Amino acid sequence: MADSRGNEAPAWVDLALLPAINLAAAFVVAGLVIAILGENPFKAMALLVYGSLGYGEAIGFTLYYATNFVFTGLAVAVAFHAGLFNIGGEGQAYLGGLGAGLVCLALGGAVPGLLVVPLAILAAMLFGAAWAYVPGWLQARRGSHIVITTIMFNFIAASLMTYLMVNIFIKPGQQSPESREFDASTWMPFVHEILAPLGIQLAKSPLNLSLLLAILAAVGLWVLLWRTRWGYALRVVGFNETAAVYGGIAPARVVVAAMALSGALAGLVGVNELMGVQHRLMLNFTGGYGYVGIAVALMGRNHPVGICLAALLFGALYQGGAELSFDMPRLTKEVVVVIQGLIILFCGAFEGLFRPRLLALFRRRAPVAA
Amino acid sequence: MADTLVLLLLMIDATVRVATPLVLAALAGLFAERAGVVDIGLEGKMLGAAFAAAATATVLGSPWLGLLAAIAVAVSLSMVHGVACIRYNGNQVVSGMALNILMAGLAPTLAYAWFAQGGQTPMLPSNLRFMPIVAPFHDTLAGIPVVGALWSRVHGHNALVYAAALAVPLTAFVIYRTRFGLRLRAVGENPQAVDTAGISVAGLRYRALLINGVLCGLSGAYLSTAHGAGFVRDMTAGKGYLALAALIFGKWRPVPTLLACLLFAFTDALQARLQGAALPGIGQIPVQAIQALPYVLTVLLLAGFVGRAMAPKAIGVPYVKER
């Protein structure tokens, strides 16, 4: 921000009020679309809320989707703090799933699950990191624009996975390209199954222990970015590369590391999806989570707390959207994608629409500091 | 021999069919990016245009009105991108991504609600599509062995294929031989200089985006009312990104971009042909390897391993007047 100190608007305006206004704008436009389609937008909103938070199973699904969004949102954010735009979350998540799947298929059953699960999680991070490392390295050393290379890598990942699934991992005597089921010892336990022996009865849902992993990732990233020397270096590079060089930081190394970390986080989607729910390697399990991560990071202002809240919102949208299409025959679940697009538009592209006005409004009202 | 010729001609046909929307979209990207505005929203604009063309052709009963609607929708989306990037100095990549996601949701949502066919528009009969145009001398020339076969490839395409073919020299002319083109290139390289010369940076960029929208409209209309017979869910299937790759592979220049589109389209045709066929000496090439080829080539180019792609200097940077 170019404003001089003491002249700034209060932090809550920037961190809470502004995202809320942008979100409201997105919902107003989405409401108009729904009204044009001949459905009642207020009823749709009520259905969205009920469908995502109204009963136990729905909450489970919402949290399960949110888990994915925390991973991809954090992935986009960490790259963003280093001044990089990682659009490759989709491909990195895909490869992460491959890593996890390879370990589960190779070791599952032969080695105790307590050993296989951490190994598979590490493999997911490693594979995701590797898939992001290459564009990062190309950006740092060869000046290749990371936005384009990460987009290209998404497509290359899709081709690679199709090849592997159709030719190598497909279960013999089966039409659809899916691997055999992972050994049950490698599954991430479902939350409702863990809590049942403790006398806590939860509705069945795909929510699994990956949620814990997501929370750990968010806390870990916060510590890393704001409480370590390395995180400081990363943020300096993103803020001002020249200053970073002047301060003795090697931007190239930071860029590559930030991308690898970003890819590792995105790769964890594979853990939630494959080890948590599908229990097999399959095609297209990433379902656009990588792209939605951009919206989550923008909405969450690239801060782990914001990202967790935004991930909850998007998780609720995903789950509520499915519900919405049941009850409103004129709507499909893609209405949710419309809302996502609008949120990216208002929180990201049109950030300059409300922000200067709002900040100016509050700056004028704030008492002048001595 | 005759078989090889037939095969070759079939490959050319397939290449032209796939290349047409790529060429139109890549040229659209060329105008935007040479003016300094990043456009990763090609995919979304094509999808929106494809839906508008098919829906309008269905309802109003004319492919030409469909084309107009496609252009109107794509231009509107271009202008949203323009207002975000030029007026509000927004992040151009975010804005493009927003358009892609918005259209990926909006097009099937509208199709579902308006036509109630599970997210697609009704099949278009041939009188509501752009059909092959039969050129003169066809019957006379058809009898001559090689000439007839070659001539039969030149004519008999639909109007939008010819539009794409014309768009390339036209773009080259506008970019390299007109005052507008000179200014357009200047605004992508050094907007300060353009501003100092008393020419509006914003005005030029809006005009570039206007042309961008028209071309995206043509590209989308081709998908749903010429090549296809109606809009189907996700019908662009990454073609907007492929066009972007072709634009970069063509180093942001019209003719090389056309060649890149043809190369990418040819790999697509090849991939469909080679399905399961083994090549002598190499063995069976996985179809997916050929599918990934355009993207791998583009990455290699960007990395400077096969030539060097120099983007316009001011690309992606909002122009702020006061200094």
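A residue counts as buried here if 20 or more other C-beta atoms lie within 10 Å of its own, and as exposed if 12 or fewer do. The structure itself is a predicted model, and we can start with its two chains.

## The two chains

Chain A is built from 16 helices and zero strands. Its radius of gyration is 22 Å, close to the 21 Å that the globule rule gives for 370 residues, so chain A is as compact as a globular protein of that length. Chain B has 13 helices and two strands. For its 323 residues a compact globule would have a radius of gyration near 20 Å, and the 21 Å of chain B agrees with this.

The table puts some values for the chains next to each other.

| Chain | Box of C-alpha atoms along the principal axes | Buried residues |
|---|---|---|
| Chain A | roughly 75 × 55 × 40 Å | 54% of the 370 residues |
| Chain B | roughly 70 × 50 × 40 Å | 51% of the 323 residues |

Contacts across the sequence are worth a look too. In chain A, among contacts between residues at least 6 apart in sequence, 76% join residues at least 24 apart. For chain B, the share of such contacts that join residues at least 24 apart is 76%.

## Where the chains meet

The contact between the chains takes 38 residues from chain A and 37 residues from chain B. On the side of chain A that touches chain B, five helices each supply at least two residues: H5 (113-142), H6 (146-169), H13 (289-299), H15 (335-349) and H16 (351-365). The largest share, twelve residues, comes from H6(A). By type, the residues on this side of chain A divide into 23 nonpolar, eleven polar and four charged.

## Around helix H13 of chain A

H13(A), one of the helices at the contact with chain B, also packs within its own chain. The axes of H4(A), residues 89-107, and H13(A) come within 6 Å and cross at roughly 130°. That angle makes H4(A) oblique to H13(A), and the crossing is right-handed. From H4(A), Gly89(A), Glu90(A), Gln92(A) and Ala93(A) take part, and they meet Tyr289(A), Gly290(A), Tyr291(A) and Gly293(A) of H13(A). These residues divide into three nonpolar, four polar and one charged.

The loops on the two sides of H13(A) hold the asparagines promised above. Most residues other than glycine have a negative phi. Asn284(A), in the loop between H12 (269-278) and H13 of chain A, has a positive phi near 55°. In the loop between H13 and H14 (304-327) of chain A lies Asn302(A), with a positive phi near 60°.

Is each of these asparagines buried or exposed? Asn284(A) has 12 C-beta neighbours inside 10 Å, so it counts as exposed. Asn302(A) counts as buried because it has 20 C-beta neighbours inside 10 Å.

Technical notes. Residues numbered from 1 in each chain as written. Chains lettered and ligands numbered in written order. Predicted model: local features only at pLDDT ≥ 70, side-chain atom pairs only at ≥ 80, totals over all residues. Helix = DSSP H or I, 4+ residues; strand = E, 2+ residues; numbered from the N terminus. Rg over C-alpha atoms; globule rule 2.2 N^0.38 Å. Contact = placed C-beta atoms within 7 Å. Nonpolar A, V, L, I, M, F, W, Y, C, P; charged D, E, K, R; others polar. Axes fitted to C-alpha atoms, helices over the stretch in contact; angles between N-to-C directions. Parallel < 35°, antiparallel > 145°, perpendicular 65-115°, else oblique. Left-handed = near helix turned anticlockwise from the far one by under 90°.
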